[in-house]
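Here's a quick briefing on ring contacts and nonpolar cores. Have a look at the model first.

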Amino acid sequence: MAVREMTPPALAPAALNALKHGRRMTLAGDDALLAGLLRSAMALCEAFTGQTLLARDFEEVLPVQRDWQRLARMPVIAITGVGGIPAEGAEFVLPVDAYAIDIDGDGFGGVRLRRPGSAGRIRVAYRAGMTEEWTMLPEALREGVLLQAAHLYAEADGPASAPPAAVAALWRPCRRMRLA
């Protein structure tokens, strides 16, 4: 259903420095613009690969079902809370024995309700991401994000063009797709 990002990705100064110096963009006044382009490139990478790059917190609202339900973002690091949302009244914390949680070896997180009580929906709080730090991401992903951000910067004043094929080539080995 609805996934909400609770904390934005922490953009390391190392990422901005790598973009500026590796691509010879030395204008200090462009730091805010370049940081925004890096965030956009990271979002494109996450959409392409199906994986959250830098660890952050999410909340997801799911319907009440007794079957396992997969969380939208991955790889899941931890499921930190499950709450019930009734049709009327205040949200409440579900007792630990009212649900089951699982994070498999591939980083997919799931929740299964055993006893929903008066909940019509549930809110699941979790943390997902490949790593906590920019420098710990696989080099191909980092380089692809930098190339995509540089491409966005170069195309800012002209007509939009397709992203470089090299970006997709760098990201493709880390691509995760859901079949169901």
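This is a predicted model: local features need pLDDT of at least 70, side-chain atom pairs count only at pLDDT 80 or more; totals for chains, interfaces and linings use all residues.

Numbering runs from 1 along each chain as its sequence is written, and side-chain values use heavy atoms, with hydrogens and water left out.

**Rings**
- Searching the whole structure turns up two aromatic pairs (Phe, Tyr or Trp six-membered ring centres within 6.5 Å; planes under 30 degrees apart are stacked, over 60 edge-to-face, the rest tilted).
- Phenylalanine 48 and tryptophan 171 make a tilted pair, 6.0 Å centre to centre with 50 degrees between the planes.
- Phenylalanine 48 is in helix α2 (residues 31-49) and tryptophan 171 in helix α4 (residues 165-171), so this pair ties together parts 123 residues apart in sequence (helices are DSSP runs of H or I, at least four residues, numbered from the N terminus).
- Tryptophan 171 is buried, at 4% relative accessibility (buried means under 20% relative accessible area, with a 1.4 Å probe and protein chains only).

**Cores**
- The largest nonpolar core has 21 residues, and Leu19, Leu38, Leu53, Trp134 and Val145 touch the most other members (a core is a set of buried Ala, Val, Leu, Ile, Met, Phe, Trp, Tyr and Cys residues joined through side-chain atoms within 4.5 Å).
- Helix α2 gives the most to this core, with six residues.
- Apart from this core lies another, of 15 residues, including Phe58 and Tyr126.

Methods: Helices (H or I, at least four residues) and strands (E, at least two) are DSSP runs, numbered from the N terminus. Buried means under 20% relative accessible area, exposed over 50%, partly exposed in between (1.4 Å probe, protein chains only).
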